[in-house]
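Dear colleague,

Please find the structure below, handed over for your use. My notes on it follow directly after.

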Amino acid sequence: MARSGRRASQAITIQTVAERAGVSAMTVSNVLNNSPRVRDSTREVVMAAVRELNYIPNMAARSLASASATRIGLLYRNIENAFLSSILVGALDATSRLGAQLLLRPLESGDPKEIAQQMQGLVENGAHAILIVPPYCEVANRHGLTCDFPVPVVAMSPGGDLPGDHCVRIDDFGAARDMTAYLIGLGHRAIGFIRGGAGHLIHRTRCEGYQAALRDARLPIRPDLIVSGDMSFESGLVAGAMLLDMPDRPTAIFASNDDMAAAIVSLAHRRGLDVPRDLSVAGFDDTPIAVKIWPSLTTVKHPGKQISAQAATLAVALARGGDAAVRVNDYLAHELVVRESVAPVTTI
């Protein structure tokens, strides 16, 4: 009977306590960690649920949290993506250099409830600070998941400002404006633009940068030249076909990432178009595919490895007693990498 009772206690989780008390799992964690941010009335309700359920906190997690090593959690998805892979490498390099440990936790979707559960799961397993990649850091901010969270949270490379959150990023608006201005400087006037996924802030910010460059050059903003993709090669093929099927097709196409830009180059080859003589193509991120295709891709260098290394360094500093109340919003420089896929517009 004693063994059966112990198994029952172990089956009780922090989520079970949260449901009994009618609060979030984060609130239960704050109570158990004696956070001063919890109201006394809420604390009493939570502790009553703890007693009623005979909840025993995970002792392995408690021992991790009390150990001397600093532990940084990282939420990620689809690490096979070249940009996200560079994010992981940068975080690993920085935490190793600083004597901290990196705890990885995958996400299956961008559902706010899952993000919240995985953030809480990292804390229960000893994380003293958390790193989140886009677009999940953007979802977490939008739904208030990082507000009053028990450990510091640092967003890596969000596509725009995240009010109240620590961020390390580039200026996506400025980078898109710079690339568009470069194409305009080569004589291109009809420039197609492929937006990023609708769930990403870059869907808005990079498009706004493209439009700002057109306005700066006193060129019209043509809605028919702006199409959407989802950051995949396949969506680039679909978006590219829409642009190249136009009676008066663009002379240049700027895609919101390299995978979609590579799809445009492939599509142009299939249609007998010479890149860059008949069509200039530019991308964003400077991932390995940019130099694996022919012609090599002109793109915006997005320093993912450096961003995650700096974000991890910030997370370690915050975990070791830095002032988490002072918001940090660090920008790293972007760079235009000019290769063979872009050339001055040809006139006949």
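C147 is exposed, at a relative accessible area of 53%; exposed stands for over 50%, buried for under 20%, and partly exposed for what lies in between, with a 1.4 Å probe and protein chains only. C167, by contrast, is buried at 0%. The model contains zero disulfides, a disulfide being a pair of cysteine sulfur atoms within 2.5 Å. For C167, the nearest cysteine sulfur belongs to C137 and is 7.0 Å away.

Please note that this is a predicted model, in which local features need pLDDT of at least 70 and side-chain atom pairs count only at pLDDT 80 or more, while totals for chains, interfaces and linings use all residues. Residues are numbered from 1 along each chain as its sequence is written, and side-chain values use heavy atoms, with hydrogens and water left out.

Overall composition

The protein chain has 14 helices and twelve strands, taken as DSSP runs numbered from the N terminus (helices: H or I, at least four residues; strands: E, at least two). Of its 348 residues, 53% are buried. The accessible surface comes to about 15800 Å², and carbon and sulfur atoms hold 52% of it; areas come from the Shrake-Rupley method with a 1.4 Å probe, and for residues only the protein chains shown count as cover. Among contacts (heavy atoms within 4.5 Å) with a separation of 6 or more, 72% are between residues 24 or more positions apart.

The sheet

Six strands make up an open sheet with parallel pairing, in the order β2-β1-β3-β4-β5-β11; two strands pair if DSSP finds at least two bridges between them. At its edges are β2 (101-106) and β11, each of which pairs on one side only. From one strand to the next, the twist averages 20°. Strand β1 (residues 71-76) is joined to β2 by six bridges, and I72 stands opposite L102 in β2. Helix α6 lies across β1, β2, β3 (129-132) and β4, and runs at about 155° to β2. Axes here are lines fitted to C-alpha atoms, for helices over the stretch in contact, and angles run from 0 to 180 degrees between N-to-C directions.

Salt bridges

There are eleven salt bridges, each defined as a side-chain nitrogen of Lys or Arg within 4 Å of a carboxyl oxygen of Asp or Glu. One of them pairs K305 with D93, with 3.6 Å between the closest N and O atoms. K305 lies in helix α14 (residues 304-319) and D93 in helix α6 (residues 82-97), so this pair ties together parts that are 212 residues apart in sequence. Both are partly exposed, K305 at 38% relative accessibility and D93 at 39%.

R327 and D161 form another salt bridge, at 2.4 Å from N to O. R327 is in the loop between α14 and β11 (329-331), and D161 is in the loop between β4 (153-156) and β5 (166-169), so parts 166 residues apart in sequence are tied together. R327 is partly exposed at 34%, as is D161 at 41%.

In the salt bridge between K301 and D286, the closest N and O atoms are 3.7 Å apart. K301 belongs to strand β10 (residues 298-301) and D286 to the loop between β9 (280-285) and α13 (289-292), so the pair links parts 15 residues apart in sequence. K301 is partly exposed at 32%, whereas D286 is buried at 19%.

With kind regards
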